[in-house]
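These are my notes from one sitting with the model.

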Amino acid sequence: MDPVISIRPLAAVTVAGLAALAVLLLNKREKLRDLVSPLAAIVMFAIVASMAPTVLAGGTVDLRLFEILPGIDFAFRVDALGMVFATVSSLLWIVAAIYSIGYMRHLNEHAQTRFFACFATSLAAAVGGAFSANLFTLVIFYEVLSLVTYPLVYHHEDEEGWKGSRKYLVYLMGASKSALLAALALTYHVAGSLDFVAGGLLAGADASGPLLTVVYFCYLFGFAKAAVMPMHAWLPAAMVAPTPVSALLHAVAVVKMGVFCVLRVVFHVFGVGLVGGLGLGIATAYLVSFTILMASVYALTRDDLKARLAYSTVSQLSYVVLGAVLLSPVAMVGGIIHIAAHAFSKITLFFCAGSIYCASGKRNISDMAGIGRRLPWTMGAFFVASLSMIGVPPTAGFVSKWYLTLGSVEAGEVAFLIVLLASSVLNAAYFLPVSYVAFFGAEAPESPATVREIPLVTVPLVATAVLSVLMGIFPGYFLALAEGVVG
Amino acid sequence: MTVPLLSLIVFMPAAGAALLMFLRNDDAVRWTALGFTVLDFALSIVMLAGFDTTTHEMQFTERRPWVPALGITYALGVDGISALFVFLTALLGWICVLASWVAIDRKVKEFMISLLAMQALVLGVFCALDLFLFYVFWEAMLIPMYLIIGVWGGDGRVYAAFKFFLYTLAGSLLFLVGVIVLYFQGGETFDILALTAQDLPFQVQSWLFFAFLIAFAVKVPMVPVHTWLPDAHVQAPTAGSIILAGVLLKMGAYGFLRFSLPMLPEASVYYSTLMLALSALAIVYGGFLALAQDDLKKLVAYSSISHMGFVTMGIFALNLRGLEGGILQMFNHGVTTGALFLFVGLIYERTHTRSIADYGGLMKVAPVYTAFLALFTLSSMALPGTNSFVGELLVLSGGFAANFAVGAAAVLGALLGAAYLLGMYRKVALGPVSARAQFKIHDVNGREITAILPLAVFVLWVGLYPKPFLDVMDASVKHLLTQVHDRESGQ
């Protein structure tokens with residue numbers, strides 16, 4: 001099928017970019033300014049959705065802008081993998097934009113213009129990355145995303161904020177200016193191009209196994225946003241950001257950009273054949289299994305709800321990578337749809353954490369006894385999303401975990417089956433107590449009676465909880481895209 | 001008769017300098033200097049517009065006999081490599097004038113004369129096709145630079161100027177010896193193109209290579225002959241720093257490209273590993289030095305050493321990507337580091353301190369200034385999307401092809417770059433507003449933005465669409481490579 005040439009990939013990026021500009025210009029007119037983000041999100045989602053039929057039919061939407069270097073263009077290509085990431089990001093931006101307004105207004109946060117402008121730019125970068133046709137274009141958006149989320153992390157501008165944001169930048173920039181840079185230069189040296197190629201750009205390249213192995217691991221750790229241990233420490237540090245940032249960016253856009261890049265490398269730079277041939281798949285699988293289990297153990301020990309969610313994210317991101325590197329088609333499908341499944345559920349959980357904080361000022365799980373009776377919608381949504389994280393049917397998490405477990409059996413790797421099951425037990429161990437305490441714990445007698453749901457915050461989190469269930473019941477769209485990637 | 005465009009470009013600033021001698025009013029001096037440099041810039045654009053990118057031959061050539069008895073001619077011409085630097089020099093020329101507008105408040109006339117003379121001589125270096133003529137420009141340029149640092153510099157200006165002079169002169173003397181040897185070995189001619197076509201015995205090439213190496217390495221500067229640079233930069237006035245970083249350092253690298261590689265191909269290939277190792281050393285050592293600085297100007301100065309290491313690394317990778325990347329990095333370094341020195345100068349004029357520890361929260365006080373500073377900081381650390389990233393990717397790609405270990409060391413240098421640049425930016429621009437920054441800081445004005453904007457344009461232009469720049473040099477670089485490799489393998 002011939003690629004469709006269209007301006008739409010660029011338009012999707014531009015919408016968010018223009019939104020950021022509009023936010024800056026409307027600095028003083030808060031009501032109008034706050035309208036910009038949700039509107040832009042809806043337009044962006046519409047543009048992304050308009051390309052879905054072409055991609056579902058096995059085609060691509062291409063836009064080549066200009067040549068940067070011989071073998072490197074500034075170019076967009078919307079394919080199935082990019083579509084998964086872009087659909088999730090743009091769809092969830094709509095709810096997150098509404099949630100942000102509620103959250104920021106309720107807490108009367110400072111520097112809201114900067115916040116919304118950076119937020120919109122982050123989405124432009126995320127979708128730009130999803131639609132990039134080669135590593136060069138992808139890396140430009142990747143770095144823009146690192147930079148514009150930095151002010152969002154130091155948002156509070158207090159001691160904690162500066163410390164956390166410093167760690168954030170050191171990890172992300174450090175990894176990309178060392179490992180990633182080396183990987184890019186070596187890839188360009190070996191292949192003379194940085195394009196994504198079905199079957200792998202480096203497949204059949206004239207390079208030694210050890211060199212390719214070095215390049216591979218440079219990518220894996222260079223894309224620190226994927227948070228494979230030991231490159232994960234930035235993510236808990238980023239939790240100093242306001243909760244909408246943690247929700248959309250550090251559970252969806254930023255971290256998914258990381259695993260998305262890793263998947264691009266596995267599928268379209270190395271190719272499944274080469275990753276398998278060099279024995280890199282199984283090596284990576286062990287590496288990410290360690291991350292999956294270890295991060296879950298960390299999560300168990302955290303009483304701060306956002307910190308627990310952050311470590312849970314570290315663990316869940318590695319599911320996506322695990323699915324890809326098991327190299328069996330079913331596992332790959334599982335990994336890819338876990339991008340969406342985890343996004344819907346984890347954003348819900350973060351939204352809930354923010355809702356609890358807005359309503360009661362509480363951050364520690366041990367202080368949340370009985371809060372479910374005050375915030376039934378919030379904690380109900382939290383429970384539903386928890387089930388999805390654990391992988392209970394009929395939620396989204398069940399579908400992806402089903403494919404992942406089936407895939408590890410298909411790959412003949414029982415070890416990873418055990419990892420997946422053990423991890424699910426751990427998930428249950430650190431998520432279910434939160435709901436239990438919230439609904440059945442005895443409320444502290446001195447707690448104020450003013451704790452109640454905030455509509456602008458609650459509606460979005462209920463919506464994403466519903467999405468988590470809907471995707472569990474109707475996984476067809478994401479399954480079709482994932483199968484399009486695997487082929 | 002065709003217009004002698006290159007002569008016009010070279011002597012336009014000189015004519016301006018001559019005219020300045022008759023002016024008395026400081027403002028008239030400034031405007032006249034600006035007029036001539038802008039005119040020169042316009043001429044350089046005319047030159048680039050008429051430049052034929054399909055050939056490696058010298059273009060806009062002019063030849064007039066000068067001292068026929070000794071075979072000395074007045075010969076000018078540009079190829080794809082020098083054309084870029086003529087353009088860069090002309091661009092930075094008027095930016096330097098703007099940068100000195102209020103910063104230089106005494107002996108304005110003398111300063112502008114030195115600046116314009118300087119520009120004329122540097123342009124002469126890049127255009128000369130006669131070795132003797134080249135040497136004259138190369139040496140004469142020391143005098144105005146010495147004056148710029150020694151008269152209008154900071155408190156330690158005399159020491160710095162003297163050190164600069166001594167280092168460069170020592171290198172130049174060896175260069176002179178090399179020139180004389182070349183003259184006799186190459187058939188008693190000073191014609192650079194004719195000398196390039198000579199096949200010298202390897203023994204002679206080796207001696208010449210090291211004579212040239214010391215001369216050029218001082219200019220670049222390469223470790224361990226770099227120590228004059230931080231002193232010179234810290235003491236020089238802003239315009240002096242811009243021209244020093246922007247074009248003077250380029251002359252060393254240009255020397256490698258114009259003399260060492262094409263005239264001494266076998267020696268260049270033979271000693272390339274040594275050169276790559278020295279480059280890697282400069283990248284890493286310069287990076288560590290920059291990391292340790294509290295003085296803004298020193299930080300940028302040491303970063304220059306690291307960045308020029310990328311340039312020499314690209315050149316001595318001796319492959320297409322490396323060379324093109326190295327030359328592109330020369331241009332990028334001129335733009336970006338020139339801009340950073342300008343920024344240090346702008347803030348120093350306001351606060352009279354260069355200590356990073358005195359700053360903080362500038363973003364709240366001078367948002368436009370800090371926004372542009374962010375752009376150039378990111379450019380200097382080679383963020384994807386900016387000019388330096390394209391150059392760095394090419395250099396590393398070429399470097400890895402030449403020598404894996406050297407490439408890996410350079411990556412470490414890139415990491416260091418991110419560390420000291422982002423650290424500097426965070427301390428200066430973000431955080432609570434420091435006591436120093438709270439009063440008397442006004443944001444950049446129209447004149448300053450005029451100087452900044454073109455540099456900002458080049459950061460993004462080269463970063464996203466470097467093709468026109470690579471097209472200019474492409475034919476010449478490919479030709480240079482055949483000169484090096486064909487003759488090296490033909491022996």
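In which helix of chain A is Cys352(A) found? I looked it up and found Cys352(A) in helix α13 of chain A, which covers residues 329–360. I kept in mind throughout that the model is predicted.

**Entry 1: Cys352(A)**

I then listed what Cys352(A) touches, leaving out residues up to four places away in sequence. The list reads Thr378(A), Ala381(A), Phe382(A) and Leu461(A).

Leu220(A) is 132 residues from Cys352(A) along the chain, and their C-alpha atoms are separated by 32 Å.

**Entry 2: the sheet of chain A**

In what order do the 3 strands of the open sheet in chain A lie? I read the order as β1-β2-β3, with mixed pairing. The edge strands are β1(A), residues 4–5, and β3(A), residues 72–78, and each of them pairs on one side only.

I went through the two pairings in turn. β1(A) pairs with β2(A) in the parallel sense, over 2 bridges. For this pairing I noted Ile5(A), whose bridge partner in β2(A) is Asp62(A).

Strand β2(A), residues 61–69, pairs with β3(A) in the antiparallel sense, over 7 bridges. Here I wrote down two facing positions: Val61(A) stands opposite Val78(A), and Phe66(A) has Phe74(A) as its bridge partner.

The hairpin of β2(A) and β3(A) has 2 residues between the strands. In this hairpin I found Gly71(A) with a positive phi near 85 degrees.

What lies across β2 and β3 of chain A? I found helix α1(A), residues 8–25, there, running at about 80 degrees to β2(A).

**Entry 3: chain B as a whole**

I turned to chain B and counted 21 helices and 2 strands in its secondary structure. Its radius of gyration is 21 Å, close to the 23 Å that the globule rule gives for 491 residues, so I put chain B down as being as compact as a globular protein of that length.

The C-alpha atoms of chain B fill a box of roughly 65 × 55 × 40 Å along the principal axes. I noted that 60% of the 491 residues in chain B are buried. Of the contacts in chain B with a separation of 6 or more, 81% are between residues 24 or more positions apart.

**Entry 4: a helix pair in chain B**

At what angle do α2(B) and α4(B) pack? I have α2(B), residues 26–49, against α4(B), residues 108–127, at about 10 degrees, with the axes 9 Å apart. Angles under 35 degrees count as roughly parallel, so that is what I call this pair.

From α2(B), the residues that meet α4(B) include Val29(B), Ala33(B) and Phe36(B). On the α4(B) side I noted, among them, Met112(B), Leu115(B) and Leu116(B). By class, this contact has 7 nonpolar, 2 polar and 3 charged residues.

**Entry 5: where the chains touch**

How many residues of chain B are in contact with chain A? I have 21 residues of chain B in contact with 21 residues of chain A. On the chain B side, α18(B), residues 387–402, and α19(B), residues 404–429, each supply at least two residues. α19(B) gives the most, with 7 residues. I sorted that side of chain B by class and have 16 nonpolar, 4 polar and 1 charged residues.

Terms used:
Residues are numbered from 1 along each chain as its sequence is written. Chains are lettered from A and ligands numbered from 1 in the order in which they are written. This is a predicted model: local features need pLDDT of at least 70, side-chain atom pairs count only at pLDDT 80 or more; totals for chains, interfaces and linings use all residues. Helices (H or I, at least four residues) and strands (E, at least two) are DSSP runs, numbered from the N terminus. The radius of gyration is taken over C-alpha atoms; the globule rule is 2.2 Å times the number of residues to the power 0.38. A residue is buried if 20 or more other C-beta atoms lie within 10 Å of its own, exposed if 12 or fewer, and partly exposed in between; C-beta atoms are placed from the backbone. Two residues are in contact if their C-beta atoms, placed from the backbone, lie within 7 Å. Two strands pair if DSSP finds at least two bridges between them. Axes are lines fitted to C-alpha atoms, for helices over the stretch in contact, and angles run from 0 to 180 degrees between N-to-C directions. Angles under 35 degrees count as roughly parallel, over 145 as roughly antiparallel, 65 to 115 as roughly perpendicular and the rest as oblique. Ala, Val, Leu, Ile, Met, Phe, Trp, Tyr, Cys and Pro count as nonpolar, Asp, Glu, Lys and Arg as charged, and the others, Gly among them, as polar.
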